[in-house]
Amino acid sequence: VDPRVDQPKAASRTSGARQARPAWSLSAHAQRLITLGLVGLILAVITRRPEFAGVAAPAVLLLAARRPDRPGRIGVTVRPSATEMTEGEHADLRVTVTGAGEHSVDMLVHPRFAVVPGAPGGPAPGSSAPGDAVPSGPAPGGPAASAPAASAPAADGPAAGGPAADGPPGNGRTSSGDTGLPFHITRTGRRSLGTLEITLRDRLRLTEGHITIELPTVNCYPQPAAQRTRVVLSRLPSRLGEHPSRSSGEGVEFTGVREFVPGDRQRRINWPATTRRGRLQLNTFAAERTQNVVIIADASSDVGEPGATPVDLAFRGSAAAARAYLAVRDRVGFIVYQRSVRWVTPGLGARQYYRIMNLMLAGPVLARPLSRDPVITRLPRAALPPGSLILVFSPLLDRRLVETLRDLRERGFSILIVDVLNAEPSGRTDSLSGLARRIWRMEQDAIRFSLRELGIPLVRWDGVQSLDEPLAPYAKRVMVSRR
Amino acid sequence: VTARIVGAAGFLAALCVAWSALPLPPTGIAATILAAAIAFGVLSLIRLMLGPEPVEPAGFLDPVQRSARSVADLIRVLPWAEGMLVATLVLEALHRSLPWHTGLLGVALLSYLFAVHLAESRARLAVLRPQAPLIAAGLGLLALAVGAAMLPADTGSSADLLAILAGVAAVAVAGLVIPV
């Protein structure tokens, strides 16, 4: 395994209770009241008209009633309900504010890229703008316990002990001391949830305390596409597995009948055939072998709509393929082709699945300069075992990868390409741009034609349909591995 | 709910400006201040409609969008509601109107300020409940002031005393800003 894979594991973490010092200031409402009071009184003096002093009176009364007591520190606990999730899966961010006294607590999540505040049934992904307008107000339940702010939440109690968010879900804004803020993530990766802005307001809403807290990071795995069928090679390495091979062996799939020879197991004697022929006949079965599958996800061209780019499709398809092959105990390896190449050597089991998922989370290693050499051919033998089926999820926009695939085919590897290109160059609609776009399309067709000519099957997948549909021609029967 | 509150704030802003402009038409400097009050009122409404500042980085926007965002940021930063407040009060002071006229303007301005606050903080009307007694007391004082102004004019010491009291109150209001 590439050692770099395990390095960013610490990124997945939760935030414990922390003490925060609010930055207190006059609210905009108080500033407007001050303006009204001052202007009214000044005009009353200048014009000698008492009604202007009357205009200022409500503002002056409200300002005079302001009480200076406010907490110097408050406790904030932020805990997501899950730190590992898949795309589109909903989770809650549990926020508890303690030690805020009788101040109301208003929370607003500023989500980062691909993080969408909202609950199931809430607004559609992408429709919720940061800072969406929702009602808020002082939390129900009255003042909190007056224990010191530094005490544990259990001792202090939430600042406003009401139920969860009193605003509608789906907007990331609420006003309560103990709140669940629903969210989901739309793209694979290690995602920082963003920042949480907490505003404390006094009873008269004249002073405000602001706190901004960095929210924890969550690992978002790709949502595997639907795949039930598998492509199996005609030649399989001699390891025990679940795929019936051409050679006879100890499997369960019946292949024929032959004459009994000394040493054969008696329990396999086919008595009806023996009766018909007068000599002992034996059932023969296909040997069951495992398959080495190496999945290559091309993450070099992140073009198109976020959430449906070729990279997203490549990861979803790779996750589906890995899950499908690992389910039948095949050895599955994984290679991410980006600015650099990262890989997981073929392995078995659920643990291997999560190793593959973790490799998808790791971002590109930008420190390494972009190499012009076809790096995949230089991977160690363990990463690309001979006789492996190589499944490539790629938009085929990177010429280096195309050349590398040609080279791998010439070296005898069985390759199947799943084309995930679902975007075109955008631009003006004039004739020159149209011509350039047409040439680009012809180039893409030429690349695909040349790969097919080399004997590399190529299927197209749009990311919406099941992977079984494009793979059906190759999954119905074994794929002949040619050298 | 927010749209309704913003609508109410718009209505109150229009009402305040129109009320302070009466009797029409204002001339000279009053016309200029009226134009400023209208502009401030419209911009304060635009500010409410824009909402809080978006958090996405502006790096991937085209120049037109970036310019629009800069203009929006400018609108968010400046205190348009305060500007409208000052303009309407000055406009009211510029022409001689009846005390009850000014009193009603005061009520409308106070309502406008609360509507702006509710729209700005996306809060419900119920959050103003703790302030209700103080607002009621303030409105009572306003009614008293209007009533006092409608009494026959007294050019003697009571008017001077009122001016001194107003001056002291103005200093006290300015002092309220200092602790924060």
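In what order do the 6 strands of the open sheet in chain A stand?

## The sheet of chain A

This is a predicted model. The order of the strands in the open sheet of chain A is β18-β17-β16-β19-β20-β21, and their pairing is mixed. Strands β18 (341–347) and β21 (458–460) of chain A each have a single partner strand, so they form the edges and one side of each lacks a neighbour in the sheet. On average, neighbouring strands of this sheet are turned by 15° against each other, with direction ignored.

Strands of a sheet pair through backbone hydrogen bonds, in either a parallel or an antiparallel way. The pairing of β17 (residues 331–337) with β18 in chain A is antiparallel and covers 5 bridges. A:Val336 has A:Arg342 of β18(A) as its bridge partner.

## Helices on the sheet

Helix α6 (residues 349–361) of chain A packs on the sheet and touches β17 and β18 of chain A. The direction of α6(A) makes about 175° with that of β18(A). Helix α9 (residues 468–475) of chain A lies across β20 (414–419) and β21 of chain A, at about 155° to β21(A).

## Helix α1 of chain A

Helix α1 of chain A has 20 residues (residues 28–47). At 1.5 Å a residue it should span 28 Å, which agrees with the 28 Å between its end C-alpha atoms. After α1(A) comes A:Arg48, with a positive phi near 55°.

## A helix pair in chain B

In chain B, the axes of α4 (residues 80–94) and α5 (residues 99–121) come within 11 Å and cross at roughly 175°. An angle over 145 degrees counts as roughly antiparallel, and α4(B) and α5(B) are therefore described that way. Residues in the contact include B:Leu85 of α4(B) and B:Leu109 of α5(B). The contact residues divide into 8 nonpolar, 3 polar and 1 charged.

Technical notes. Residues are numbered from 1 along each chain as its sequence is written. Chains are lettered from A and ligands numbered from 1 in the order in which they are written. This is a predicted model: local features need pLDDT of at least 70, side-chain atom pairs count only at pLDDT 80 or more; totals for chains, interfaces and linings use all residues. Side-chain values use heavy atoms; hydrogens and water are left out. Helices (H or I, at least four residues) and strands (E, at least two) are DSSP runs, numbered from the N terminus. The expected span of a helix is 1.5 Å times one less than its number of residues. Two strands pair if DSSP finds at least two bridges between them. Axes are lines fitted to C-alpha atoms, for helices over the stretch in contact, and angles run from 0 to 180 degrees between N-to-C directions. Contact means heavy atoms within 4.5 Å. Angles under 35 degrees count as roughly parallel, over 145 as roughly antiparallel, 65 to 115 as roughly perpendicular and the rest as oblique. Ala, Val, Leu, Ile, Met, Phe, Trp, Tyr, Cys and Pro count as nonpolar, Asp, Glu, Lys and Arg as charged, and the others, Gly among them, as polar.
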